[in-house]
Amino acid sequence: MLTATSLDSLLNRRFAQNFFPIPATNQFPLGTVAPPFELLNVTTGQKIRLADYLSSPLPQARNQGVLVAFTRIFSEKHYCPLCFPHIMELNAAYEQFVQQGIEVLMITSTDPQQSRIVLQELGLKMPLLSDPGCRTFRRYQVGQALGAPLPAQFLLDCQGRIRFRHLFSFIEPNASVERLLTFLEANFQAKDELYLR
């Protein structure tokens with residue numbers, strides 16, 4: 001989705017580094033601990049670590065886990081047409097995730113300045129994390145194509161274990177909000193250790 005016809009902010013080093021297609025190769029077994037990261041939270045202007053959003057799994061704890069949502073934004077003026085609706089869906093449902101004890105961390109490859117514009121233009125409620133070097137995208141092995149990393153979603157429990165993952169495909173570019181919330185209701189309140197894909 002284009003919000004401007006100028007390509008000035010689109011054609012940069014990051015675009016070139018992510019131009020050639022690399023498919024998603026993430027094969028982390030469900031139930032293993034997700035790779036840690038530290039990124040700038042554009043919403044607050046401070047660096048945060050994934051560990052900051054994880055806590056011990058006490059039954060009375062409100063924090064159930066984290067949804068790490070990698071999204072595909074080319075620049076502050078150029079959004080992936082497959083990801084833009086998903087971003088807006090997640091934003092609209094943000095309170096539903098929070099009510100279930102899940103923080104949503106959206107990660108973009110736009111630089112901090114571009115990310116601030118995205119944050120304001122879209123009125124994002126969830127934390128927006130900037131990863132212009134795409135290191136976190138690569139650690140999670142989500143792939144890349146035509147100038148930007150591919151989208152993916154990972155639901156982590158409060159110990160940081162991967163309970164659900166969705167990698168990009170043309171059939172289903174992003175896991176729908178309905179699918180994510182249904183998974184949460186069915187699995188995060190359960191007492192067993194069943195990991196479903």
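## Strands, rings and buried residues

This is a predicted model, and in it strand 1 and strand 7 (residues 128-130) run antiparallel, joined by two bridges.

Me: Which residue in strand 7 is the bridge partner of Asn41?

Reply: Happy to start there. Strand 1 covers residues 38-41, and two bridges join it to strand 7, residues 128-130. For Asn41, the bridge partner in strand 7 is Leu129.

Me: Strand 1 also pairs with strand 2; over how many bridges?

Reply: Strand 2 spans residues 46-49 and pairs with strand 1 in the antiparallel sense. Glu38, for instance, stands opposite Arg49 in strand 2. The number of bridges between strand 1 and strand 2 is four.

Me: Which residue takes a positive phi in the hairpin of strand 1 and strand 2?

Reply: The hairpin has four residues between the strands. A phi near 80° is found there, and the residue that takes it is Gly45.

Me: Let's turn to Asn26. Is Asn26 buried or exposed?

Reply: Asn26 is found in the loop between helix 1 (13-17) and strand 1. Its relative accessibility is 1%, and buried means under 20%, so Asn26 counts as buried.

Me: Which backbone oxygen does the side chain of Asn26 reach?

Reply: The side chain of Asn26 has a polar atom 3.1 Å from the backbone nitrogen of Phe28. Not counting residues up to four places away in sequence, Asn26 touches Tyr140, Gln141, Phe154, Arg165 and Leu167. The backbone oxygen that the Asn26 side chain reaches, at 2.8 Å, belongs to Tyr140.

Me: Now the cysteines: how many disulfides does the structure hold?

Reply: A disulfide needs two cysteine sulfur atoms within 2.5 Å. The structure holds zero disulfides. Take Cys83: the nearest cysteine sulfur, that of Cys80, is 3.8 Å away, so Cys83 is in no disulfide by that cut-off. The number of disulfides is zero.

Me: Is Cys134 buried or exposed?

Reply: Cys83 counts as buried at 1% relative accessibility. Cys134 has a relative accessible area of 1%, and the cut-off for buried is under 20%, so Cys134 is buried.

Me: How many aromatic pairs are there, and what is the angle between the planes of Phe70 and Phe137?

Reply: The count comes to nine aromatic pairs. Phe70 and Phe137 form a tilted pair, 5.0 Å centre to centre. This pair links distant parts of the chain, with Phe70 in strand 3 (residues 65-70) and Phe137 in helix 5 (residues 135-139), 67 residues apart. The angle between their planes is 55°.

Me: Are Phe70 and Phe137 buried or exposed?

Reply: Phe70 has a relative accessibility of 1%, and Phe137 has a relative accessible area of 2%. Phe37, Phe70, Phe137, Tyr140 and Phe154 form one aromatic cluster. As the cut-off for buried is under 20%, Phe70 is buried and Phe137 is buried.

Me: Is the pair of Tyr79 and Phe84 stacked or edge-to-face?

Reply: The rings of Tyr79 and Phe84 are 5.4 Å apart, centre to centre. Tyr79 is buried at 2%, and Phe84 counts as buried at 17% relative accessibility. The angle between the planes is 65°, and angles over 60 degrees count as such, so the pair is edge-to-face.

Me: Why are the buried residues of helix 2 on the same side?

Reply: Helix 2 covers residues 84-92, and its buried residues include Phe84, His86, Ile87, Leu90 and Asn91. These five residues are on the same side of helix 2 because the arc they cover around the axis is only 165°.

Me: One more loop: which residue does the side chain of Gln159 contact through its own side chain?

Reply: Gln159 is found in the loop between strand 10 (152-157) and strand 11 (162-167), and at 39% relative accessibility Gln159 counts as partly exposed. Gln159 and Gly65 are 94 residues apart in sequence, yet 7.5 Å apart in space, C-alpha to C-alpha. The polar contact between side chains, at 3.3 Å, is with Arg161.

How values were computed. Residues numbered from 1 in each chain as written. Predicted model: local features only at pLDDT ≥ 70, side-chain atom pairs only at ≥ 80, totals over all residues. Heavy atoms only, no water. Buried < 20%, exposed > 50% of the residue type's maximum accessible area, 1.4 Å probe, protein only. Pairing = 2+ DSSP bridges. Polar contact = N/O pair within 3.5 Å; in protein donor to acceptor, adjacent residues only side chain to side chain. Contact = heavy atoms within 4.5 Å. Phe/Tyr/Trp six-rings, centres within 6.5 Å; stacked < 30°, edge-to-face > 60°. Arc of directions from axis to C-beta.
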